[in-house]
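Reader: I am new to this structure and would like a close look at a single part of it. Please take me through that part slowly.

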Amino acid sequence: MNEKLTYLNEVEKHMAKKQKRNALPVVVDTRATLEQLGHLTLVNGKPRNIAIGLPVLEDPLYRFIALSTIFHEGRHAFQYSVVSKPIRWYQFTYKKWKENWNGYIESAENKTVYQMQVLERDAQNYAIEQMKKRSFTYRNEEDYLRTMKILHNVYEQAELDAVKELGIFYKWKVRNNIKKKRQ
């Protein structure tokens with residue numbers, strides 16, 4: 001397990017350098033379940049570390065889930081580095097991120113809204129894209145192929161769930177939930 005943690009810390013350092021942000025230590029969350037793959041730990045509203053669930057680290061079948069979790073949570077660290085600075089008028093995506101950061105909906109509050117908010121969709125998509133970039137290296141690994149299928153299914157299912165629960169205007173309803181929380 002120590003080797004996996006060392007590797008994930010190296011991946012985080014590499015990604016942080018590419019994103020021009022400070023690398024965060026990757027630590028083990030012993031309280032996490034398999035449903036809680038990992039999270040960005042905030043202290044006083046600032047990123048402290050990336051916590052990865054112990055079950056994900058312990059099971060060799062989840063090694064690519066662990067890798068995608070580092071990409072996902074590292075993207076949240078990047079999002080924070082963007083929204084914590086002044087945003088120019090033409091940086092529309094960054095403006096949406098800042099609005100969402102200031103009205104972030106936790107999974108426990110509403111899982112559907114949580115999955116569809118712009119910060120989460122961006123991090124999910126980013127993790128998928130980073131995993132795709134490694135497809136040549138891992139193309140013959142069954143665990144990699146299974147992980148990619150899971151990531152795509154989760155991403156697509158979130159939108160189906162949003163339409164089912166919130167209706168065809170789900171994007172407006174998600175933004176409205178975030179706006180209410182900000183106020």
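Which residues of the largest nonpolar core touch the most other members?

Author: This is a predicted model, in which local features need pLDDT of at least 70 and side-chain atom pairs count only at pLDDT 80 or more, while totals for chains, interfaces and linings use all residues. Residues are numbered from 1 along each chain as its sequence is written, and side-chain values use heavy atoms, with hydrogens and water left out.

The largest nonpolar core has 26 residues, and those touching the most other members are Leu8, Val26, Ile52, Ile70, Phe71 and Met131. Such a core is a set of buried Ala, Val, Leu, Ile, Met, Phe, Trp, Tyr and Cys residues joined through side-chain atoms within 4.5 Å, where buried means under 20% relative accessible area, with a 1.4 Å probe and protein chains only. Two or more residues each come from α1 (2–18), β3, α2 (54–58), α3, α6 (118–132) and α8 (142–166), helices being DSSP runs of H or I with at least four residues and strands runs of E with at least two, numbered from the N terminus. Of these elements, α3 gives the largest share, 7 residues.

Leu8, taken by itself, touches Val26, Ile52, Leu57, Ala66, Leu67 and Ile70, if residues up to four places away in sequence are not counted; contact here means heavy atoms within 4.5 Å. Apart from this core lies another, of 9 residues, including Ile105, Val113, Ala162 and Ile178. In soluble globular proteins, nonpolar side chains tend to be buried together.

Helix α3 (residues 63–83) also holds Ser81, and Ser81 counts as buried because its relative accessibility is 13%.

Conventions
Buried < 20%, exposed > 50% of the residue type's maximum accessible area, 1.4 Å probe, protein only.
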